[in-house]
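My entries follow in the order I looked things up.

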Amino acid sequence: MLNSLETRPADKIIRLIQEFKDDPRTDKIDLGVGVYRDASGLTPIMRSVKNAEKSLWETETTKAYTGIAGDPEFRESMAHLLLGTDAPTNRLATLHTPGGTGAVRQALELTRMVSPDARVWISDPTWPNHVSITRYVGLQVQLYRYFDSGTRIVDFASMMEDLERAERGDIVVLHGCCHNPTGANLSTLQWHELSEFALNRGIVPLVDIAYQGFGDGINEDAFGLRLLANELPEVLIAASCSKNFGVYRERTGLLGVIAETSDAAQRTQSTLVFLNRQSISFPPDHGARLVTMILGDQELRCDWENELDSIRTLIGKLRRQLSEELRRLSGSDRFGFLAEHRGMFSLLGASEEQVLQMRRNAGIYMVSDSRINVAGLNKSSVPVLASAMIDVGL
Ligand code: LMR
């Protein structure tokens, strides 16, 4: 059976983790996978998470199964974090999934089940796994233009021109905030326009929100999602706790599905339970338990919000520092976009060859499309990156 298998190339982001590890240079710089790093290069466990863990260790009395959809308290507190106080909770079905990736996968499984001919519109560029999972579950991918590589902002006119071809029942994948890989986000006005368009056209947004709190703030980053959730009859939400709680390996995510009526939401809820049962049965509890404890305890929550604030502030600072350093070295403003973008990622605009050159010459690792993880930088690596960029002719 297995003899016919071919070796699959690893995902271009995941491949970098190993390539970086294998590089013996001690001054190498990892700007690959989207993981926050502090000034010493470590991905620390957040204080609030550590404290929740301590208290969990003392108080947890059983490891018996939770629910197939996950713990209701986790799902409720996440729904609240994502959707705020005005959420249409009577039309909301939720599922605890292993990470945001699990939520994307279950959202697409659900789509395939109820609407196998739906086309899935995905921004070009996007997180590569969006395209890969959509194809893997057997749905048709359509790309829409998103990013203007000249101005480095969202090319909204082209995006809408492409989405004009979407039909009723199609899915449009949107990044809730901190677009991966471009760092360029929709404006408030653009969210409004998109919401109206989706309503009139009858298309269903799948909002992938993996960086809530990394852009402009917890509530600010959920603006577009909340707007769609309140305006549209149906919305799919794939949320990750990996980054904003720093619980990457605990695989903690949530699929939210807003249905047109509360009746439909109830049937959706039972379908979501079915989907977990067919794939993972019970979702992993540890990360979700910590998130629930943090969101439900005033002191832990306040500490978590402060930590998240400092991460966001630091990313902003690094962005400005890099942009300044490049202004100094290049004598131009052409890297001003780095300070304007939000979240962990920006595309530097380097060719694959230039990306490889920076790796060879300076030990700097970034994704082949020149996506950098700004949160992988620190005060002293910023000038190294800036010089390497100028040296390769950027
Ligand atoms: C990334 O884009 O680097 C992260 O979302 C990690 C991943 O799974 O690709």
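**Strand β8 and its sheet**

I started with β8, which is mostly covered, with six of its six residues buried. Buried here means under 20% relative accessible area, with exposed over 50% and partly exposed in between (1.4 Å probe, protein chains only). Strands (E, at least two residues) and helices (H or I, at least four) are DSSP runs, numbered from the N terminus. I note that this is a predicted model, where local features need pLDDT of at least 70, side-chain atom pairs count only at pLDDT 80 or more, and totals for chains, interfaces and linings use all residues. Residues are numbered from 1 along each chain as its sequence is written, and side-chain values use heavy atoms, leaving out hydrogens and water.

In a regular strand the side chains alternate between the two faces of the sheet. I checked both faces of β8: Gly 253, Leu 255 and Val 257 are buried on one side, and Leu 254, Gly 256 and Ile 258 on the other.

Next, the neighbours; two strands pair if DSSP finds at least two bridges between them. β2 and β8 run antiparallel, joined by six bridges, and His 96 has Leu 254 of β8 as its bridge partner. Six bridges also join β7 to β8, again antiparallel, and there Ala 239 stands opposite Leu 254.

I then traced the whole open sheet: seven strands, ordered β2-β8-β7-β6-β5-β3-β4, with mixed pairing. β2 (92–97) and β4 (140–145) are at the edges with a single partner strand each, so one side of each lacks a neighbour in the sheet. At the β4 end, β3 (119–124) runs parallel to β4 with six bridges, and Asp 124 stands opposite Arg 145.

**Helix α10**

Is helix α10 (286–296) mostly covered or mostly open? I found it mostly covered, with eight of its eleven residues buried. Among them are Leu 290, Val 291 and Met 293. The buried residues pack against α2, α3, β2 and α11, going by contact (heavy atoms within 4.5 Å).

**Second largest pocket**

I looked at which residues lie nearest the centre of the second largest pocket: of 26 lining residues, these are Val 114, Val 204, Glu 234, Leu 236 and Ile 258. A pocket is an open set of points on a 1 Å grid over the protein atoms alone, where a 1.4 Å probe fits, with protein on both sides within 12 Å along at least five of seven lines; lining residues have an atom within 4 Å of a point. Helix α9 gives the largest share of the lining, four residues.
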